[in-house]
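Look at the sequence and the fold together.

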Amino acid sequence: DSTVCGLSRANDRDIARAAEALKGAARGRIHTFIATSPLHMEKKLRMSPDEVHEQAKLAVRFARNQIADVEFSPEDGYRSDPDFLCRVLETVINEGATTINVPDTVGYAIPELYGNFIKMLRERIPNSDKAIWSVHCHNDLG
């Protein structure tokens, strides 16, 4: 009863390759991600929030057309603007993301605050009940 998951950046080329790699799997999932924190959007992606929002939406839509099980992660989610993050996550759930994974990409969060953050997201996003929620924690700071 295992699910084989292919991880891909939020672009059609990577998603198509993940879908191809999953063709032989009895149960497959595409996990796509894009950075949503201001620092990562500006310095790493060189994209505006509106561009990131649109790319996340299109990536999940494309992945969903390849496979039924789609996971989405907002890279550096914990350091993202909560209003923007809620907008992105609501959109990708509407596009068919079945799992939402919220990463603490750089290990910035402490457990209690991180738990409150996830609770806040689930309470503020109207369609949060339509997806499975998971987290990706780090302890990079020791």
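Leaving aside its neighbours within four places in sequence, which residues is Asp69 in contact with? They are Thr3, Gly28, Arg29, Ile30 and Thr98, where contact means heavy atoms within 4.5 Å. The model is a predicted one, in which local features need pLDDT of at least 70 and side-chain atom pairs count only at pLDDT 80 or more, while totals for chains, interfaces and linings use all residues. Residues are numbered from 1 along each chain as its sequence is written, and side-chain values use heavy atoms, with hydrogens and water left out.

Asp69 sits in the loop between α3 and β3. Helices (H or I, at least four residues) and strands (E, at least two) are DSSP runs, numbered from the N terminus. The side chain of Asp69 also makes a polar contact with that of Thr98, at 2.9 Å. A polar contact is a pair of N or O atoms within 3.5 Å; within protein, one must be able to donate a hydrogen and the other to accept it, and residues adjacent in sequence count only if both atoms are side-chain atoms.

Now turn to the strands. Strand β2 (residues 28-35) is largely enclosed by the rest of the structure, because 6 of its 8 residues are buried. Buried means under 20% relative accessible area, exposed over 50%, and partly exposed in between (1.4 Å probe, protein chains only). β2 pairs in the parallel sense with β1 (residues 4-9) over 6 bridges, and with β3 (residues 70-75), also parallel, over 6 bridges. Two strands pair if DSSP finds at least two bridges between them. Ser8 stands opposite Thr32 in β2, and Phe33 stands opposite Ser73 in β3.

Next comes a helix. In α1, the residues Asp14, Ile15, Ala18 and Ala19 are buried. Their arc around the axis is only 135°, which puts them on the same side of α1; the arc is that of the directions from the helix axis to the C-beta atoms. An α-helix has 3.6 residues a turn, so residues three or four places apart point the same way. The buried residues of α1 pack against β1, β2 and α3 (49-66). On the face turned away from them are the exposed residues Arg13, Arg17, Glu20 and Ala21.

Last, consider the rings. Ring pairs link Tyr78, Tyr108, Tyr114 and Phe117 into a cluster; rings of Phe, Tyr and Trp (its six-membered ring) pair if their centres lie within 6.5 Å. Tyr78 counts as buried, at 16% relative accessibility, whereas Tyr108 is exposed at 54%.

Terms used:
Rings of Phe, Tyr and Trp (its six-membered ring) pair if their centres lie within 6.5 Å; planes under 30 degrees apart count as stacked, over 60 as edge-to-face and the rest as tilted.
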